[in-house]
Amino acid sequence: MSVSLQKGQKVSLSKDNAGLSKVVVGLGWDEVKQRRGFFAPKAQQIDCDASAFLLKNGHLTDKADIVFFGNLQHRSRTVQHMGDNLTGAGAGDDEQIILDLANIPAEYDKIVIVVTIYEATKRNQHFGMIENAFIRLVDARDNKEMCKYNLTDNYSGMTAMIFGEVYRHNGEWKFNAMGQGTNDPGIGELANRFV
């Protein structure tokens with residue numbers, strides 16, 4: 001049974017899921033529908049990009065530990081991005097990242113899941129133009145949703161979002177629903193927060 005999380009809530013992934021190995025992290029969002037007038041300029045579609053930062057002792061130590069549309073698979077082959085969705089159109093997950101929790105090397109203690117808006121500053125776009133944003137974790141064995149966090153705060157002016165983190169604690173994997181907006185203009189600047 002899926003748990004609906006609130007901001008800042010933590011949940012164990014291992015406790016009620018014996019033998020859990022692979023988890024699908026699904027992320028979704030919709031553009032806020034704009035009123036279209038005869039003289040209104042056509043808005044450029046918002047291209048959101050999901051990424052995973054693999055941290056050692058809570059820090060990002062190598063840019064090769066960033067899994068995103070430009071690096072779809074971590075060198076350990078335990079974190080895989082399933083590809084870039086350029087429009088966010090359609091129902092369900094817009095982007096997915098698969099975590100092979102059973103085989104992630106022991107030196108990695110945390111995987112931070114973030115979403116940035118491609119060329120947000122140049123296109124004058126921000127998360128206030130996004131609605132119905134969520135992150136959910138699914139057990140890859142049976143495709144059962146374990147938990148879901150719907151972002152409900154007002155993120156107007158924010159160009160990047162730390163959705164949540166999957167982390168090791170006392171030998172088990174947990175998830176922390178974060179929903180922290182930032183003004184970082186791109187993935188590189190957001191990654192610098194974790195160095």
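Contact here means heavy atoms within 4.5 Å. Keep that in mind for this tour of a predicted model.

## Strand S12: Asn-176 and Thr-182

Let's start with Asn-176, which sits in strand S12. Setting aside its neighbours within four places in sequence, Asn-176 is in contact with Gly-8, Gln-9, Lys-10, Phe-163, Gly-164, Glu-165 and Tyr-167. Is Asn-176 buried or exposed? Its relative accessibility is 8%, so Asn-176 counts as buried.

Strand S12 covers residues 172–182, and Thr-182 belongs to it too. Thr-182 has a relative accessibility of 2%, so this residue also counts as buried. Its side chain makes a polar contact with the side chain of Asp-184, at 2.8 Å. If you skip the neighbours within four places in sequence, Thr-182 is in contact with Met-158, Thr-159, Ala-160, Ile-162, Leu-190 and Arg-193.

## The loop between S10 and S11

Now hop over to Gly-157. You'll find it in the loop between strand S10 (144–150) and strand S11 (160–169). With a relative accessibility of 34%, Gly-157 counts as partly exposed.

Which residues does Gly-157 touch, leaving aside its neighbours within four places in sequence? They are His-126, Gly-128 and Asn-183.

## Salt bridges across the chain

How many salt bridges are there? The count comes to 10. One of them joins the side chains of Lys-7 and Asp-153, at 2.9 Å from N to O. Lys-7 lies in the loop between strand S1 (3–5) and strand S2 (10–12), while Asp-153 is in the loop between S10 and S11, so this pair ties together parts that are 146 residues apart in sequence. Both ends can be checked for accessibility: Lys-7 is partly exposed at 46%, and Asp-153 is partly exposed at 38%.

Another salt bridge brings together the side chains of Asp-93 and Arg-136, at 2.8 Å from N to O. This pair links distant parts of the chain, 43 residues apart: Asp-93 is in the loop between strand S6 (79–81) and strand S7 (95–100), and Arg-136 is in strand S9 (residues 130–139). Why does Asp-93 count as buried? Buried means under 20% relative accessible area, and Asp-93 comes in at 19%.

## Salt bridges: a pair and a network

Arg-141 and Asp-139 also meet through their side chains in a salt bridge, at 2.6 Å from N to O. The two partners fall into separate accessibility classes. Arg-141 is partly exposed, with 48% relative accessibility, whereas Asp-139 is buried at 3%.

Salt bridges can also link up into a group. Which residues form a network of them? Asp-62, Asp-65 and Arg-75 are linked in that way.

Phe-68 lies in the loop between strand S5 (66–67) and S6. Leaving aside its neighbours within four places in sequence, Phe-68 is in contact with Ala-50, Ser-51, His-81 and Ile-187. Phe-68 and Val-115 are 47 residues apart along the chain, and their C-alpha atoms are separated by 9.7 Å.

Next, take a look at the surface. Phe-69, Leu-72 and Tyr-118 form a nonpolar patch there, with about 260 Å² of accessible area together. Where does Tyr-118 lie? It is in the loop between strand S8 (110–117) and helix H1 (120–123). Tyr-118 has a relative accessible area of 35%, so it is partly exposed.

## Cysteines without disulfides

Last stop: the cysteines. A disulfide is a covalent bond between the sulfur atoms of two cysteines. How many disulfides does this structure hold? It holds zero.

Cys-48 has a relative accessible area of 1%, so it is buried. Cys-147 is buried as well, at 1% relative accessibility.

Definitions and conventions: Residues are numbered from 1 along each chain as its sequence is written. This is a predicted model: local features need pLDDT of at least 70, side-chain atom pairs count only at pLDDT 80 or more; totals for chains, interfaces and linings use all residues. Side-chain values use heavy atoms; hydrogens and water are left out. Helices (H or I, at least four residues) and strands (E, at least two) are DSSP runs, numbered from the N terminus. Buried means under 20% relative accessible area, exposed over 50%, partly exposed in between (1.4 Å probe, protein chains only). A polar contact is a pair of N or O atoms within 3.5 Å; within protein, one must be able to donate a hydrogen and the other to accept it, and residues adjacent in sequence count only if both atoms are side-chain atoms. A disulfide is a pair of cysteine sulfur atoms within 2.5 Å. Patches are made of residues with over 30% relative accessible area and no salt bridge: like charges are joined within 9 Å, nonpolar side chains (Val, Leu, Ile, Met, Phe, Trp, Tyr) within 5 Å. Accessible areas come from the Shrake-Rupley method with a 1.4 Å probe; for residues, only the protein chains shown count as cover. A salt bridge is a side-chain nitrogen of Lys or Arg within 4 Å of a carboxyl oxygen of Asp or Glu.
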